[in-house]
Amino acid sequence: MAKPVLKWAGGKRQLLEAIYRRFPIDYDRYHEPFFGGGAVFFDLEPADATINDTNPRLVNFYEHVRDEPEALIDRLESFEDPDSDPDPDLAFAEETSTGRDVENYYYQQRARFNRRPYGHDVDELEEAALLAYLNRTCYNGLYRENADGGFNVPIGRYADPDWVQADRIRAASRALQGATIHNRDFEYVREVADAGDLVYVDPPYEPMSPTANFTDYSADGFDREDQERLVDLVTELDDAGVSVVVSNSGVTRDRYVEAGLDVDLEGATRAINSDASNRDEVDEIVATTVPDEKRRGATQTGLGEFSG
Ligand SMILES: C[S@@+](CC[C@H](N)C(=O)[O-])C[C@H]1O[C@@H](n2cnc3c(N)ncnc32)[C@H](O)[C@@H]1O
């Protein structure tokens, strides 16, 4: 059982059991169109799969984890402590693409990671290593982009950050050997899923209230229309004999009930607000097209928190 290499908003480690219970006992290929940190995929280690995300830097990262884990680990080992002075031999030692002063090594690496959105040539291995480095050294391990697509999370404060994670990368690389990786809109799955396959969808959650904006994973967010396209796709896949399991926010419940799925509320695992009076606002659903008698049920083991 592998573990996620990246910390990602909406990580599903805590919901694994609830999700697995709704999976079919048997299926052919596995597809995960909103990959993010890939908590379910890495725990499951499917032999034959497709995975997808619209974030090109995330997809580039997983391609390198799968195909060049040792080169990626070597690059990661070459990085320095985030609080060090900028390396004068590297680009952006003094200012970023947008002319901002660079204070320390972390902000230099962030500027180097932002070559792609600011139109510079990209060394893809370098970019993959930088994504993992920044993910382990940035504030809260958060991934957030500005309107230009520039990664803009400030430096985090960690006593002893481990940005290499060699064992996790090697285990993730083994898990990805049977996976085809796409960088498209989630509707690609229509072209790749056949009857008997399983699709697990975990889209950016629809906000519970107008002020909740934590679904902004990237510059181009996921809006109501996208949520509706997703319900249509789920219905279509179900009609074609493909099993689908969905996680989403509580506000989408009625739409999945109307689409004929079996929908359950799964408590407040996204702790955006610990105030008990607002608990119902953070409920999430897990929905499945799989009939009760064909479900795997509560058998899966191997739960554990994402550690750090
Ligand atoms: C909730 S996160 C997935 C979390 C993941 N299940 C985990 O355990 O870490 C949603 C992901 O969907 C991606 N995304 C956003 N819009 C998309 C689209 N139209 N098609 C495919 N992926 C999209 C985002 O980049 C983000 O990584």
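This is a predicted model: local features need pLDDT of at least 70, side-chain atom pairs count only at pLDDT 80 or more; totals for chains, interfaces and linings use all residues.

Next I placed T54 in the fold. I find T54 in the loop that runs between β2 (49-52) and α3 (56-67). I then checked T54 against R184. The two are 130 residues apart in sequence, yet their C-alpha atoms are 5.2 Å apart in space.

I moved on to the ligand. Which residues come nearest? I count 23 residues around the ligand, and G37, D53, D185, F186 and D202 are the nearest of them. By class, I get 11 nonpolar, 7 polar and 5 charged residues in this shell.

D202 puts a polar side-chain atom 2.6 Å from a ligand nitrogen. G37 uses a backbone N or O atom, 2.8 Å from a ligand oxygen. W8 has a side-chain N or O atom 3.0 Å from an oxygen of the ligand. I also looked up the ligand's cover: alone it exposes 600 Å², and the protein buries 97% of that.

My last entry is the second largest pocket. I read a volume of about 310 Å³ for this pocket. Its lining has 17 residues, with T96, T98, R100, R110 and N114 nearest the centre. I sorted the lining by class into 5 nonpolar, 7 polar and 5 charged residues.

Key: Residues are numbered from 1 along each chain as its sequence is written. Side-chain values use heavy atoms; hydrogens and water are left out. A residue is near a molecule or strand if one of its heavy atoms lies within 4 Å of it. A polar contact is a pair of N or O atoms within 3.5 Å; within protein, one must be able to donate a hydrogen and the other to accept it, and residues adjacent in sequence count only if both atoms are side-chain atoms. Accessible areas come from the Shrake-Rupley method with a 1.4 Å probe; for residues, only the protein chains shown count as cover. Ala, Val, Leu, Ile, Met, Phe, Trp, Tyr, Cys and Pro count as nonpolar, Asp, Glu, Lys and Arg as charged, and the others, Gly among them, as polar. On a 1 Å grid over the protein atoms alone, a cavity is a set of points where a 1.4 Å probe fits but cannot get out, and a pocket is an open set with protein on both sides within 12 Å along at least five of seven lines; lining residues have an atom within 4 Å of a point. Grid points are joined across faces, edges and corners, and a volume is the space filled by probe spheres set on the points. Helices (H or I, at least four residues) and strands (E, at least two) are DSSP runs, numbered from the N terminus.
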